[in-house]
Amino acid sequence: MSEQDENREGYDVHATEAKWLPVWDELDPFRADDDSPREKRYALTMFPYPSGDLHMGHAEVTALHDVIARYWWQRGFEVLNPIGWDSFGLPAENAAIRRDEHPATYTYANIETQAASFRKYAVSFDWSRRLHTSDPEYYRWTQWLFLKLREEGLAYRKSSPVNWCPHDQTVLANEQVVDGHCERCGALVTKRELTQWYFKITDYAQELLDDLDVLEPTWPARVVSAQRNWIGRSEGAHVDFQVATDGGGSREVSVYTTRPDTLFGATFMVVAADAKLAAEIVSDQQRKTFEDYLEETRRASDVDRMATDRPKSGVFLGAYAVNPVNGVSVPVWASDYVLADYGTGAIMAVPGQDQRDWDFAREYDLPVIRTVQPPEDWEGEAFTGHGPAINSANDSVSLDGLEIDEAKRTIIDYLEKQGSGRGAVNYRLRDWLLSRQRFWGCPIPIVHCPVDGEVAVPEDQLPVVLPELKGADLKPKGVSPLAAAEDWVNVECPTCGGPAKRDSDTMDTFVDSSWYFLRYCSPHFEDGPFDPAAARAWMPADIYVGGVEHAVLHLLYARFFTKALRDLGLLEIGEPFAAQLNQGFVINHGKKMSKSLGNGVNLGDELSQFGVDAVRLTLVFAGPPEDDIDWADMSPAGSLRFLQRAWRLSGDVASAPGVSPESGDVALRRVTHRTVHEAAGLIESFRFNVMVARMMELVNATRKAIDSGPGAEDPAVREATEVVAILLSLVAPYTAEEMWSRLGHQPTVARVGWPVVDEALLVEDSVTAVVQVQGKLRARLEVSPDISEADLEAAALADESVQRTLEGKQVRKVIVRAPKLVNIVAG
RNA sequence: GCCCCGGUGUCCCAAUCGGCAGAGGAAGCGGUCUUAAACACCGUCCAGGUGUGGGUUCGAGUCCCACCCGGGGCACCA
């Protein structure tokens, strides 16, 4: 024992940890029983990726999450609090290449390390449900789900320009491209035309958007807002233009616009340079110019393309489009400021009302017609504000004078009658590209046969297991390493038996994590991805705790999967996570922890210095869970001091276990019962930091009762100390268990149940009423909590110092809020 | 540019419905213990008004408007 520990008067943190861990292992108090008659709760935390040991971030999220799970157990619920690992992914593959080994070696070693750390960290996980997405028993069902979605037309293959990360040598989903860079490695993302697998998440765009309204009260505002932005619904119209092409032909080209009311001001059309349409309608004369331009834009990175302040560029395609409302023939241009994969890949350009079109018109000297009247002093360029329509009439319809909304309705109505357009809704959301050209992922269970084409691997042949590749075999080559594994990739076609090849891509790891919370409900189920009865019992998760970085990735994908599985008849719910809590980051000295800054805080060091409980308490007490925690501002030593103070109470209690608290000191009992009452509300509204503060007050009050109050023999002191142990069991399980034991009870305190609040003790027998004059505090009165308004007013007016203040003034109005406040307006 | 969240003592942070501006912690200071120090324990100090300016109200940290600062999301999405 160190000198420091001796001074802690016998509370040896590490000995306490060593003492209780095996006891808990024996008791196994957190195993969720599917058949329990209790009401069920599902506490879900985002499963970790197995890179190295746990760090401060893991410590924070699990400390917060565990407060909720342990609280629910104490409240008498049957709680499902599972743990698993998101164990496919690039870091393991890169490590395997470096170390010349199989990715599984690195992965499973790290999982064991993290599992041991979680155990010591005393998280109330149900270890019997542990899963790893890289286990064939798990990914068999990922493959099965993929095939089901494919049967429904929700997984399909198409050739399209895709995001390509040259560093990781793989394609990326839109969601994984951040500011034109790879979300994972930061490399500049380029475009490639590739045939890839997609999930048709866009089929669910509207439902994903609508259900956010339902989630809004219980989900963090920033996640709801991020998803709304990402789905990006807009309302407008499709307008059909006839485009004259070379040789006198004509074809119809539809554009999407949110401003159909400005159609009379469309003075040219712009087609995305990289859209197929552009190449189809360009005239022979302009073809060379166009192709040169296309080549130039292809070379530009997305980052350059997305810079909004760069001058507009484009080429004339030698074709003309006829505006359906006025018969005017307008030139068709190609430009890179129009996106090929949004809307129809073509726009009607209205320079009078759109700044981008204005810029383009200026660059190439194209005409401008204003169709919304700008204010008189308007000196700007495109006018995007509100005003009456102008210059917008033909023989059968006129928008002139109408405000924008009315004008939109009128013109859409007209277009629909004419058959040259219709109201339309568009989304920014694109389909989810799920193929990856990497090894350490779930193989796509498809065989490509020269005769039968795409053939699904039959269900009884699942899982398609990864081959044993390691080291240099895994090096990125632009095609999946699986393609080079001859024995693996060459198979018989399941349909015709002829020679065929397996699909050699693997799935995005976000596919694995889009359904793991369902597998947790029945992790050993053999007849499907999950037992529908178990899913019915546990889902949706009542709380999902995790990082906000998944606001539009995992959380959107998981919602999509849930809805798709519901439509497949596998689930009865449409939303997987009823409520959500995002924790902030643990930072240090105002900055994110990083190796390059050298400001990392090592979790293991903190744990050995202060113990598990003090670290957990510090993280929970730091502030609101969503806020970042600056470790430099925190005091784990202070947390440890508090735990010792609490622990010491348990040694001072002098009454016997089981003594009735009825005869105990009423003042202390009031504090105890009020604390229990408030703690429940605070936990349920995620204000754990305040809950801890209340707990500290209770400890202080109990200390006072022992030292300078009714004394250690008073039953109220035992009651208070037992409550401290129970409340503490949510945050500091070791200290709580040790206290419980010293109070003469058997383990485990974690399951003894929430203290019953005596309502009578919540009612004060007198309260302090405040008397204000002109809003300023002038007197305090001790009054009965059920005093009448009239009595309180009379008492206030009778008060001496109030009288003095009111001298020479006339009372104009008296506001009484019995029993707490009187405000006298005088003058 | 549009949208979301926040700004309270030296620091981290409380203040359910608009009703006493501070709960809890940290740091500081004083004391007890000690030969001494550290640890521990006990006690204690701190706002001219809650980023700024207006407004509503008997009453605003809380509601409304504008702005400033910090953090985050979306963005050539027609």
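The following legends describe close-up views of a predicted model.

**View 1. Glu60, a buried acidic residue without a salt bridge.** Glu60 is found in helix H3, which covers residues 56-74. Although Glu60 is buried, its side chain takes part in no salt bridge, and the nearest side chain of opposite charge, that of Arg222, is 9.0 Å away. A salt bridge requires a separation within 4 Å between the side-chain nitrogen and the carboxyl oxygen. Leaving aside neighbours within four places in sequence, the contacts of Glu60 include Gln583, Gly584, Phe585 and Val586, and they also take in Leu619, Pro625, Asp627 and Ile629.

**View 2. Helix H6, residues 136-151.** The 16 residues of H6 should span 22 Å at 1.5 Å a residue, and the end C-alpha atoms are 22 Å apart, which agrees with that expectation. Just after the helix, Gly153 takes a positive phi of about 80 degrees.

**View 3. The salt bridge between Lys148 and Glu151 in H6.** The closest N and O atoms of Lys148 and Glu151 are 3.7 Å apart. Because the two residues are 3 residues apart in helix H6, Lys148 and Glu151 are separated by about one helical turn. Glu151 is exposed, with a relative accessible area of 58%.

**View 4. The salt bridge between Asp126 and Arg129.** The side chains of Asp126 and Arg129 meet at a distance of 3.0 Å, N to O. Asp126 counts as buried, its relative accessibility being 1%, and Arg129 is likewise buried, with a relative accessible area of 5%.

**View 5. The salt bridge between Arg536 and Glu572.** In this pair the closest N and O atoms are 2.9 Å apart. Arg536 lies in helix H17 (residues 532-538), whereas Glu572 lies in the loop between helix H18 (554-567) and strand E25 (580-583), so the pair ties together parts that are 36 residues apart in sequence. Arg536 counts as partly exposed at 49% relative accessibility, while Glu572 is exposed, with a relative accessible area of 60%.

**View 6. A network of salt bridges.** For the whole structure, a search finds 44 salt bridges.

Notes:
Residues numbered from 1 in each chain as written. Chains lettered and ligands numbered in written order. Predicted model: local features only at pLDDT ≥ 70, side-chain atom pairs only at ≥ 80, totals over all residues. Heavy atoms only, no water. Helix = DSSP H or I, 4+ residues; strand = E, 2+ residues; numbered from the N terminus. Buried < 20%, exposed > 50% of the residue type's maximum accessible area, 1.4 Å probe, protein only. Lys, Arg positive; Asp, Glu negative; His and termini not counted. Contact = heavy atoms within 4.5 Å. Expected span 1.5 Å × (residues − 1).
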